[in-house]
Structure formats: C-alpha cells, structure tokens
Amino acid sequence: MHLPLSAELINPRVRRGPFRVAVFDFDGTLSLIREGWPQVMVSLMLDRLREQRLIAEPEAECAAHVEAFVMALNGHPTMRQMERFAQEVTARGGTSAEPVVYLQQYLDALMSVVRGRWEALESKRAQPSDWVVPNAHGILRNLQERGVPLFVASGTDLAHVSREVELLELTPYVGGRVYAPKDNDASFRKRDVIERAIRELAVRGEELIGFGDGVVETQEVKRAGGVAVGVASSTAGVRGVNASKRETLIAAGADLIIPDYEHAPELLAWLYGE
Ligand SMILES: [Mg+2]
C-alpha cells in the first residue's frame, strides 16, 4: 500500500506497526468545536496589555510575540498559558491579575462561541460530522477494529471534553479513556497519560501511535518512543494542510503530516506495513 498523496512523510525511517495503543489529542485533532480559540486568547491578552499601556512595540509585533508563546504552550493545561501571560504583564512593568482571573475571562469569551456550537449539536441543527476533523469517526473505527485501545488526552477542562465527546458521538470509541485536567488542574500532564497507558496495557513505547495538532502531544509521543502523526488541520469546511501547524509539528518531531483523516484506511494500511 502506498502512502496517500495527502500525507507527507517527514521521517522516512518511521516504524510501521503493528500498534497496540493510540493516543489522540482532542481540540484540533478530533474536535473542531473550539476552533478559533487562539484568536480569542490572543485578543484578550492584547486587550489586557493595552489597558495598562504595556505595548511599546508595533501592535503587530506584540501580537506575534503573544501568539508565539500561546501556541508553544498548546497542549498544556490552559492555566499554563495564563501563568505565562501573567509573567508577561509583570515583565513589561504592569500589574498582573492572578492567572485564574485571566483564565476565567478567557473561558467566558470562548464559551460564548462554544455554547452556540453545543446548542446546534444538541438540537440536531448541526451533525457531529460538521464539527470534527474530516473522517475522525472513520479513523477511530478503523483502529478500534484493529483492536487498538484508543485514548484521548486533552489540555481542555475534563467536564467540557467529556461533554463534547458525547455530543460528537465519539463515546463508542474513546468512552472511559478520556483524560484531561479536572477543574483546570494545572498539574495535569499528557506525559502521565501516555506513560500510564503504556504501563497499564503492558505495551512497548514503540507500539504507541499518537495523533495531535500541537507541540506537547507530538513531543511526548516521540519521548515515549512512539510514532507521531501530526494533524495539520484547518478550520471547519476548509480542506488542506494548515501551513503554520505543519511547520510547528515538524519542529516538534512529527513523523508524518496529514491534513485530516479523509484517507484513513490507506494511511493506516501503510502505517501497518500492509
Ligand atoms: Mg489540539
């Protein structure tokens, strides 16, 4: 089986299966419900800096700097990004609020967008397939049929991830194996989820396959010795590789880059060396 044309092989020496455990990030990797969150977070941070007149450089330069540290921390609990922002305020000579205050402001802004998407799904005005990375259900089903236990590890609050797993009808695949920070617990680490999954299933690190659109899960899957598939997903309704995600994922160590799961059967057949 050839690698589907939509997939880009970054590491030609990537190990080709079989895999005995799979870990998926949630936002941007399975779900698109939170798409647009970086813009919400960055614009909130810029507002707070502007209020205290802490932007000395050109606004675009400041925005790029803020976006860079926000994206570098993508995959960690959201609280980590707020802690980093509080440091930024202090470093610029301002008076920082507690990180938890910034977190609440961010969640309020984001949730006004997310709630609308929840309601559309609940009322069946939207279908689960409208708000997942294309063919997410297909790749989960394929891996499940291969007997691979599927885990979700997310930096988003557990209550929200659990609800969205349900709304997106992903429970048959990942139910009972969804891990995320409870009540925004900043000590949550994807590394712990991966290490525990490997230990409890008594598999080797190289038998792990991970899917993610962020730095943290990609690095952690590589650290554990697994195969990291970088999902450079775009926004809902848009096809193709997101160029900035692709670059970040390659730098983080991704073995392959895919835009979505449209060619999941071919991709998995290739990854399994069939
Ligand atoms: Mg993500």
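**Figure 1. Contacts of Ser 233.** Ser 233 touches Gly 28, Val 133, Asp 213, Asn 242, Lys 245, Pro 259 and Asp 260, leaving out residues up to four places away in sequence. Contact here means that the C-beta atoms of two residues, placed from the backbone, lie within 7 Å. The model is predicted: local features need pLDDT of at least 70, side-chain atom pairs count only at pLDDT 80 or more, and totals for chains, interfaces and linings use all residues. Residues are numbered from 1 along each chain as its sequence is written. Ser 233 sits in the loop between β6 (227-231) and α10 (243-252). Helices (H or I, at least four residues) and strands (E, at least two) are DSSP runs, numbered from the N terminus. Is Ser 233 buried or exposed? Ser 233 counts as buried because it has 26 C-beta neighbours inside 10 Å. The cut-offs are 20 or more other C-beta atoms within 10 Å for buried, 12 or fewer for exposed, and in between for partly exposed, with C-beta atoms placed from the backbone. Leu 32 is 201 residues from Ser 233 along the chain, yet their C-alpha atoms are separated by 9.1 Å.

**Figure 2. The whole chain.** The protein chain holds 11 helices and seven strands. Its C-alpha trace spans about 60 × 45 × 35 Å along the principal axes. The radius of gyration is 19 Å, which agrees with the value near 19 Å for a compact globule of 274 residues. That radius is taken over C-alpha atoms, and the globule rule is 2.2 Å times the number of residues to the power 0.38. Of the 274 residues, 45% count as buried. Among contacts between residues at least 6 apart in sequence, 72% join residues at least 24 apart.

Figure 3. Domain 1 covers 8-32 + 132-271, and domain 2 covers 37-122. These bounds come from an automatic or database domain assignment. The C-alpha centres of the two domains lie 25 Å apart. Domain 1 gives 15 residues to the contact, and domain 2 gives 13. Which helix gives the most to the side of domain 1 that touches domain 2? Helix α9 (residues 215-223) does, with three residues. That side of domain 1 has six nonpolar, five polar and four charged residues. Nonpolar means Ala, Val, Leu, Ile, Met, Phe, Trp, Tyr, Cys and Pro; charged means Asp, Glu, Lys and Arg; the others, Gly among them, are polar.

**Figure 4. The largest nonpolar core.** This core has 75 residues. Ala 22, Val 23, Phe 151 and Val 152 touch the most other members. Both domain 1 and domain 2 supply at least three residues each. A nonpolar core is a set of buried Ala, Val, Leu, Ile, Met, Phe, Trp, Tyr and Cys residues joined through C-beta atoms within 7 Å. In soluble globular proteins, nonpolar side chains tend to be buried together. Beyond residues up to four places away in sequence, Phe 151 touches Ala 22, Val 23, Val 174, Arg 177, Tyr 179, Val 193 and Ala 197.

**Figure 5. The open sheet.** Seven strands form an open sheet with mixed pairing. Their order is β1-β7-β6-β5-β2-β3-β4. Strands pair if DSSP finds at least two bridges between them. The edge strands, β1 (8-9) and β4 (178-179), each pair on one side only. Strands β6 and β7 (residues 256-258) run parallel, joined by three bridges. Leu 256 in β7 is the bridge partner of Val 229.

**Figure 6. Ile 250 in helix α10.** Ile 250 is found in helix α10. With 18 other C-beta atoms within 10 Å, Ile 250 is partly exposed. What does Ile 250 contact, apart from neighbours within four places in sequence? Its partners are Ile 10 and Ile 257. Asn 11 is 239 residues from Ile 250 in sequence, but 9.5 Å away in space, C-alpha to C-alpha.

Figure 7. Most residues other than glycine have a negative phi, and most peptide bonds are trans. The peptide bond from Gly 17 to Pro 18 is cis, with omega near -5°. Pro 18 lies in the loop between β1 and β2 (21-24). Arg 53 has a positive phi, near 50°. Arg 53 belongs to the loop between α1 (37-51) and α2 (59-72). It counts as exposed, with 10 C-beta neighbours inside 10 Å. Ala 202 also has a positive phi, near 55°. Its place is the loop between α8 (190-201) and β5 (208-212). Ala 202 is exposed, with 7 other C-beta atoms within 10 Å.
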